[in-house]
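This briefing concerns the helices of a single structure, shown below. Please keep the sequence and the 3D view to hand while reading.

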Amino acid sequence: VKTVCQLNDDNADILCHCISYPVRTSVLRPYRKCLLASLNNTGDNVSSATKIPTMSPQIFSFFSGAGFLDLGFEKSGYNIVFANELCEDFAQVYRHARSVMGITEPMFGLSECSIEDFLEDKKATLIHNMNEAKESGELIGFIGGPPCPDFSVAGKNAGASGKHGVLSQVYMDLICETKPDFFLFENVKGLWRTARHRAFFDQLQTQAKAAGYCLTRKLVNSLEYGAPQDRDRILLIGIHESVLKTIPTDRELSDFEWLSHDDLSVEQIKALPWPTRNPFGTLPECPNNILEQQTVAYWFNKNDVAHHPNGNDFFVPRAGLAKMQVIDEGDDCKKSYKRLHRWRFSPTVCYGNNEVHLHPWLPRRLSVAEALALQSLPKEFELPKNMSLSSKFKTIGNGVPFVLSKAIAERLKRYLESHAH
């Protein structure tokens, strides 16, 4: 370190602890990129265990929710330098969970305002912060999933002109005006599958390409990435032409690897011999030839939900207990009162509009800890005690499964490392 960067003992020692994190100290920042380049050229002189990551992109997160998407990126070597969330409950969870997990607050904080403000009076501050983040020598990225009820098949279906639908356009406008090096746009499958919503989605892509972005998109299912949950999402990734070594003529990132050759598709996963239904109160054994690591029971055990801080956070039925005791384990065909099967994956974790999900082997609804496990979050992730139960479940259902977020972040990072300057 001292030789490469010509630093004194004190600064060299500090830099050794900061090379994989964008330090703000002006004395050290200019040396970081030089040090990384030198270490990556040392070949056999540096062991694989001690080699330094080549990239730590700086992320500005919008529609951050409780931070599920952010956490996946953070655990994949990105640095969340800014977050934006208008909902007070979501922002409270974002701060609380990060504090409990020992994750520092984003460099530029968590802003609780509308994203529309960043196209108006807060735009100059955002650009200033983006320029400061660029001084680390790293790429700048935006990630976000605009509110989806107006595109959801089960939602209001108001489309791009709806109260929430317009925010997708605002997010794309912000991307095109401030031009981060790359972006991720996440939304429900209705934006992809419904004809009139698809026309709007295509319009957003045309706008992004006109602003210099090369794109790839895919309708993904969280099962394909290891989550114990059947949840579809449309993802759109854009990388600006200015950072690509080679610009494809059609502006399509056709070589982006959404799934590896060894990964099972959602169709293949669902075709496995999963159990269907068992009488409530019995003890079905785990079948052979399924993916046990994607079952409800596996994740309940993995996250030790019974001893989780939110383990006793569940609705106690005032009525309907008798009904809960006669619904078969695995009977999830109804809109409400769906009982999960311990040796199967969960339906989409979304508990609004009277959709009640029941515990596989207990006569009650799912707990907050169990819902967090089905979102594949680390067991250290918890919600504050002073929130209402309704707010807790709404917060959880709003998020992207952690393992899906982490898998996409890892694939994007590999692509950037091999294709960006």
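**Helix packing and burial**

In H6, Lys123, Leu126, Ile127 and Met130 are in contact with Leu174, Glu177 and Thr178 of H7. The model is a predicted one. The points below describe the geometry of this helix pair and then turn to helix H9.

**The H6–H7 pair**

- Helix H6, formed by residues 123–134, packs against H7 at an angle of about 55°, and the two axes lie 12 Å apart.
- Angles from 65 to 115 degrees would count as roughly perpendicular and those under 35 degrees as roughly parallel; H6 and H7 are therefore oblique to each other.
- The crossing in which H6 passes H7 is right-handed.

**Helix H9: extent and end**

- Helix H9 comprises 16 residues, 195–210, and spans 23 Å from its first C-alpha to its last, close to the 22 Å expected at 1.5 Å a residue.
- Gly212 follows H9 and has a positive phi, near 100°.

- The buried residues of H9 are His197, Phe200, Phe201, Leu204, Gln205 and Ala208.
- These residues lie on the same side of H9 because they cover an arc of only 145° around its axis.
- Ala195, Thr206 and Ala210, on the other side of H9, are exposed.

Technical notes: Residues numbered from 1 in each chain as written. Predicted model: local features only at pLDDT ≥ 70, side-chain atom pairs only at ≥ 80, totals over all residues. Heavy atoms only, no water. Helix = DSSP H or I, 4+ residues; strand = E, 2+ residues; numbered from the N terminus. Expected span 1.5 Å × (residues − 1). Buried < 20%, exposed > 50% of the residue type's maximum accessible area, 1.4 Å probe, protein only. Arc of directions from axis to C-beta. Axes fitted to C-alpha atoms, helices over the stretch in contact; angles between N-to-C directions. Parallel < 35°, antiparallel > 145°, perpendicular 65-115°, else oblique. Left-handed = near helix turned anticlockwise from the far one by under 90°. Contact = heavy atoms within 4.5 Å.
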